[in-house]
Amino acid sequence: MQAPDQIVVSVRDATYRRGAYRSFAHVSLDLRRGIPLALLSFSPAPVRDLLLALVGVVEPTSGSCVLHIPRGGLLHGTGAGIGVVSGIWEPDPSWTVGEALRREPASSDEVDDLEFLALLSLATEFDRRIGDLDPAARGRFSAALALRSARSIAAVDLTDPFIAGIPFEDLLALMGDIVALSVELDIPCVVGTSEPRAAVLAPSAHPLDIPEAEALERLGYPSAMRREGPDHA
């Protein structure tokens with residue numbers, strides 16, 4: 001069993017770009033067990049790509065992203081749980097919430113799927129088709145997918161188009177619930193967001209560019225985060 005505060009993923013000066021496409025750049029951070037991490041980016045692509053790197057799906061084109069967990073096939077070969085990523089992992093909208101969750105390898109049998117959904121205030125949507133969920137329920141469903149199947153790390157992208165239109169108050173409530181549940185379940189968790197006021201609800205937040213770092217500082221987040229943020233030298 002991993003010890004509290006143990007590093008699960010180490011990222012050092014990592015950049016991802018393909019030809020003219022540029023995503024995250026010069027990122028250095030550690031994801032630690034017991035300390036949920038928020039990634040703040042005003043652009044969704046860097047969040048998506050960095051989350052995929054953290055779970056071992058993509059490799060940075062420079063720098064390093066070292067997973068201190070078993071490596072294997074796509075997503076579940078690493079023991080990672082990931083929420084909806086449009087264009088990569090999108091459950092069939094005709095499935096019900098319960099059907100989609102049953103298709104995921106559960107990390108624990110201590111609670112059944114319905115009980116687990118109740119932990120995210122989603123039990124009443126168990127028999128509802130995914131395509132009929134409102135944005136707030138979609139966000140909770142995405143988080144449930146990630147946290148239910150995670151054995152080593154959970155990754156949730158709250159910037160994904162799947163949850164576009166989620167009301168601000170619902171976004172903050174969801175972020176708080178993800179943080180609390182990941183700590184309760186002892187699952188290392190990283191959450192991508194474009195909303196600074198959601199990012200600061202996590203015990204640790206990492207800005208992916210200078211404007212994001214400045215936004216965190218305006219909210220009173222420790223100035224050290226600016227120094228630990230992106231390196232654009």
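## Getting started

The model is predicted, so local features are described only at pLDDT of at least 70 and side-chain atom pairs only at pLDDT 80 or more, while totals for chains, interfaces and linings use all residues. Residues are numbered from 1 along each chain as its sequence is written, and side-chain values use heavy atoms, with hydrogens and water left out.

The chain has eight helices and ten strands. These are DSSP runs numbered from the N terminus, with helices being H or I of at least four residues and strands being E of at least two. Of the 233 residues, 52% are buried, where buried means under 20% relative accessible area, exposed means over 50%, and partly exposed lies in between (1.4 Å probe, protein chains only). Among contacts (heavy atoms within 4.5 Å) between residues at least 6 apart in sequence, 67% join residues at least 24 apart.

## How confident is the model?

The predictor's confidence in each residue is called pLDDT and goes from 0 to 100. Its mean over the chain is 87, and 86% of the residues reach 70 or more. Helix α6 (residues 196-199) has the highest confidence, with a mean of 97, and helix α8 (residues 224-227) the lowest, at 42.

Over residues 223-233 the pLDDT is below 50, and this stretch has 21 contacts in the model beyond near neighbours in sequence. Residues 72-76 also stay under 50, with twelve contacts beyond four places in sequence. Where pLDDT is low, the predicted coordinates should not be read in detail.

Strands of a sheet pair through backbone hydrogen bonds, either parallel or antiparallel. Here, five strands form an open sheet in the order β7-β8-β9-β5-β10, with parallel pairing; two strands count as paired if DSSP finds at least two bridges between them. β7 (80-82) and β10 (204-207) are at the edges with a single partner strand each, so one side of each has no neighbour in the sheet. From one strand to the next, the twist averages 20°.

Strand β8 (residues 153-157) is joined to β9 by four bridges, with Ala 154 partnered by Cys 189. On to strand β5 (residues 37-40): it pairs with β9 over four bridges, and Leu 39 stands opposite Gly 192.

## Strand β9, enclosed on both faces

Five of the five residues of β9 (residues 189-193) are buried, so the rest of the structure largely encloses this strand. In a regular strand the side chains alternate between the two faces of the sheet. Cys 189, Val 191 and Thr 193 are buried on one side of β9, and Val 190 and Gly 192 are buried on the other.

Cys 189 has a relative accessibility of 1%. Another buried cysteine is Cys 65, at 10%. The structure holds zero disulfides, a disulfide being a pair of cysteine sulfur atoms within 2.5 Å.

## Helices around the sheet

β8, helix α5 (residues 168-185) and β9 build a right-handed β-α-β unit. Right-handed means that, with the strands pointing away from the viewer, the path from the first strand over the helix to the second runs clockwise.

Helix α1 (residues 44-54) lies across β5, β7, β8 and β9, at about 170° to β8. Helix α7 (residues 210-218) lies across β5 and β10, at about 140° to β10. Such angles run from 0 to 180 degrees between N-to-C directions, using axes that are lines fitted to C-alpha atoms, for helices over the stretch in contact.
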